[in-house]
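The tour goes from the whole chain to single residues.

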Amino acid sequence: MSETIEKVKCLIVGSGPAGYTAAIYAARANMFPVLYQGMQPGGQLTTTNEVENFPGYPDGITGPEMMIQLQEQAKRFGSDIRDGWVTKVDFSGDVHKVWVNETHEIHAETVIISTGASAKYLGIPSEQKYLQLGGGVSACAVCDGFFYRNQEVVIVGAGDSACEEAHYLSKLCKKVTMLVRRDEFRASKIMANRVKKTENIEILFNTETEEVLGDGQVVTGVLVKNNETNELKEIPATGFFVAIGHKPNTDIFKDYLELDETGYIINQPGSAKTNVEGVFVSGDAADHVYRQAITAAGTGCMAALDAERYLASKEVEVEA
């Protein structure tokens, strides 16, 4: 462990739209925020080629470019943006103790958690290849569906989110083929019936992805296998959407913060407050419903304002 302990007013754990927005507001409130960017500086948006639904960018912007701009804006107001990630916390006492890279100990008056959530993927090499290339693999239909207007796409998943995303894609795409591994949906009946009744959605039950096909740059199809008959089938498609869930990056907080059954941090309704005083949450670490850049940024603002009010209340207590 480090020999010297750093004391900060506001520590922001994680980056992305939530973390950077929290830093902008905290810095402007003279909270002198220190932000650690985490293992994926900029968050999930750094894997998104085009962002066209964030207000203020009429011509669109790439995800990485947007994150650079948000980072620079936070720095402009004095935010201390650092490489590294938080490996351990102790929120059991009055002091919020945090360790960075297992060695550097920080005592923070307030902590804003913006660690986000990671989309789950199938993990097959071809899927990861075209994901990294930005050539047709996505885990967000709302983010990327627009780029596949009037095209044929494939979506993998069987839950409510998968059905919702398939239905969303059906409004944009010529045809949506939905791959369901079992012989039934995991989704609620109302969501399952919605996709079953949509004319341009074809549902293939007992079907798994063998390979995402492409020309080396973009997706051209998907090779699937019926897990009952072992029959292989090639489906032409320009987009491959994965909707098998997200995992919130919250494991290190589970001993201190209230989490739901999936691992999302539970915030007090209408605020960014957690069950621990002085610890706040923003972005996809708490949001399992919307998961958009704009909503993440909004909760980053909320977290910084809540942290500012918390510090102000503490100062009043000291004066009293």
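Begin with the whole protein, which is a predicted model. For 320 residues, a compact globule would have a radius of gyration near 20 Å, and the value of 22 Å found here agrees with that. Turn the view along the principal axes: the C-alpha atoms fill a box of roughly 70 × 40 × 35 Å.

Next, switch to a cartoon. The protein has 7 helices and 17 strands. Taking contacts between residues at least 6 apart in sequence, 58% join residues at least 24 apart.

Now show the surface. The accessible area is about 16,100 Å², and carbon and sulfur atoms make up 48% of it. Of the 320 residues, 49% count as buried. Colour by charge: there are 29 positive and 44 negative charges, and their mean positions lie 4 Å apart.

Select Asp144, in helix α4 (residues 141-144).

Move to the loop between α1 (16-28) and β2 (34-36) and select Asn30. Asn30 is not a glycine, yet its phi is positive, near 60 degrees.

The last stop is Glu102, in the loop between β5 (96-100) and β6 (104-113). Glu102 also has a positive phi without being a glycine, at about 70 degrees. Is Glu102 buried or exposed? Its relative accessible area is 58%, so Glu102 counts as exposed, the cut-off being over 50%.

Conventions. Residues numbered from 1 in each chain as written. Predicted model: local features only at pLDDT ≥ 70, side-chain atom pairs only at ≥ 80, totals over all residues. Heavy atoms only, no water. Helix = DSSP H or I, 4+ residues; strand = E, 2+ residues; numbered from the N terminus. Buried < 20%, exposed > 50% of the residue type's maximum accessible area, 1.4 Å probe, protein only. Rg over C-alpha atoms; globule rule 2.2 N^0.38 Å. Contact = heavy atoms within 4.5 Å. Areas by Shrake-Rupley, 256 points an atom, 1.4 Å probe, with all protein chains shown as cover. Lys, Arg positive; Asp, Glu negative; His and termini not counted. Charge placed at Lys NZ, Arg CZ, Asp CG, Glu CD.
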